Amino acid sequence: MSKKIAQRIAAAVILVLAVLCVGTGFYGNGLGIEKREQVLSAMRVRALLNATGEGAVESFVAAAKKEAAAKVKAEGGAMSDIRNASAKAEEDARANASGSLIDYDTVDTAPLAAAATALRTAQMKSDLEFQGAACFYSWPSQGGLLQYTRDEENVRYTLTHLRQFLDLVVK
C-alpha cells in the first residue's frame with residue numbers, strides 16, 4: 001500500500017470518528033456553547049452553595065461539641081465522660097444536619113452567580129498580572145434559541161446602561 005493511500009484511509013477514519021463523536025454528543029455533550037456555559041455556571045453556584053452548607057454544618061457540630069463538653073465539665077465529669085459527650089454531640093449534630101441545608105429550588109442564585117463572575121474576573125486580573133481596571137458587565141439571557149427575540153430585547157434595553165458603564169470605566 002502506498003503512503004498516499006494510507007494517508008487517505010487515515011484521514012477518512014479520523015473524519016468518521018469526528019462525525020461520530022459530534023453526532024453522539026461525545027464532544028461537548030451535544031450542547032451548544034451557551035448551554036455549556038449555563039451548565040458550568042450552575043455547577044459553580046452549586047459548588048459554592050455546597051461549600052457554604054458544609055461550613056454551616058461544621059460550625060453547628062463544633063458548637064454542639066463545645067456545649068456538650070462544657071455541660072459535662074460543669075457537672076464534674078471525668079475526661080473520658082467529656083470525650084464521650086463530645087463524640088455523642090458530634091454524632092447527633094451530624095445526624096440532624098444530614099442532607100443538604102439548602103433548598104436549591106428556592107434559593108435565588110443570581111447574586112451568587114454575579115459574585116462568582118466577579119471572583120473569576122479578579123482571578124483573571126491576578127493571573128494575567130493585568131495593571132488596568134478589571135471589570136465585567138452582563139445582562140439577562142433566557143439561554144435558549146427559542147427565546148432569542150427576548151434576548152435581543154434585553155440587549156437593546158441594556159445598550160444605554162452599557163454605554164454609561166463604559167463611560168464610567170473610561171473616566
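Glu152 and Arg156 both lie in helix α5, four residues apart, which is about one turn of the helix. Helices here are DSSP runs of H or I with at least four residues, numbered from the N terminus. Glu152 and Arg156 form a salt bridge, with their closest N and O atoms 3.4 Å apart. A salt bridge is a side-chain nitrogen of Lys or Arg within 4 Å of a carboxyl oxygen of Asp or Glu.

The model is predicted: local features need pLDDT of at least 70, and side-chain atom pairs count only at pLDDT 80 or more, while totals for chains, interfaces and linings use all residues. Residues are numbered from 1 along each chain as its sequence is written, and side-chain values use heavy atoms, with hydrogens and water left out.

The protein averages a pLDDT of 74, and 59% of the residues score at least 70. Confidence is lowest in helix α1 (residues 3–24), with a mean of 65, and highest in helix α3 (residues 79–96), with 87. Where pLDDT is low, the predicted coordinates should not be read in detail.

Back to helix α5, which covers residues 148–170. This helix has 23 residues and reaches 31 Å from its first C-alpha to its last, close to the 33 Å expected at 1.5 Å a residue. The expected span is 1.5 Å times one less than the number of residues. Helix α5 also has a kink of about 40 degrees, centred on Leu159. The bend at a residue is the angle between axes fitted to the seven residues ending there and the seven starting there. The C-alpha atom of Leu159 is separated by 9.8 Å from that of Trp139, 20 residues apart along the chain.

Which residues of α5 are buried? They are Asp151, Asn154 and Thr158. Buried means under 20% relative accessible area, exposed means over 50%, and partly exposed lies in between (1.4 Å probe, protein chains only). Leu159 counts as partly exposed because its relative accessible area is 39%.

The structure holds three salt bridges. One of them joins Glu90 and Lys65, at 3.6 Å from N to O. This pair links distant parts of the chain, as Glu90 is in helix α3 and Lys65 is in helix α2 (residues 33–74), 25 residues apart. Glu90 counts as partly exposed because its relative accessibility is 25%, and Lys65 counts as partly exposed because its value is 29%.

Another salt bridge is formed by Lys88 and Asp92, whose closest N and O atoms are 3.0 Å apart. Both residues lie in helix α3, four residues apart, about one turn of the helix. Lys88 is partly exposed, at 45% relative accessibility, and Asp92 is partly exposed, at 33%.

The surface also has a nonpolar patch of about 360 Å², made by Met124, Leu128 and Phe130. Patches are made of residues with over 30% relative accessible area and no salt bridge; like charges are joined within 9 Å, and nonpolar side chains (Val, Leu, Ile, Met, Phe, Trp, Tyr) within 5 Å. Accessible areas come from the Shrake-Rupley method with a 1.4 Å probe, and for residues only the protein chains shown count as cover. Met124 lies in helix α4 (residues 110–127). Met124 counts as partly exposed because its relative accessibility is 49%.

How values were computed. Helices (H or I, at least four residues) and strands (E, at least two) are DSSP runs, numbered from the N terminus. pLDDT is the predictor's confidence in each residue, from 0 to 100.
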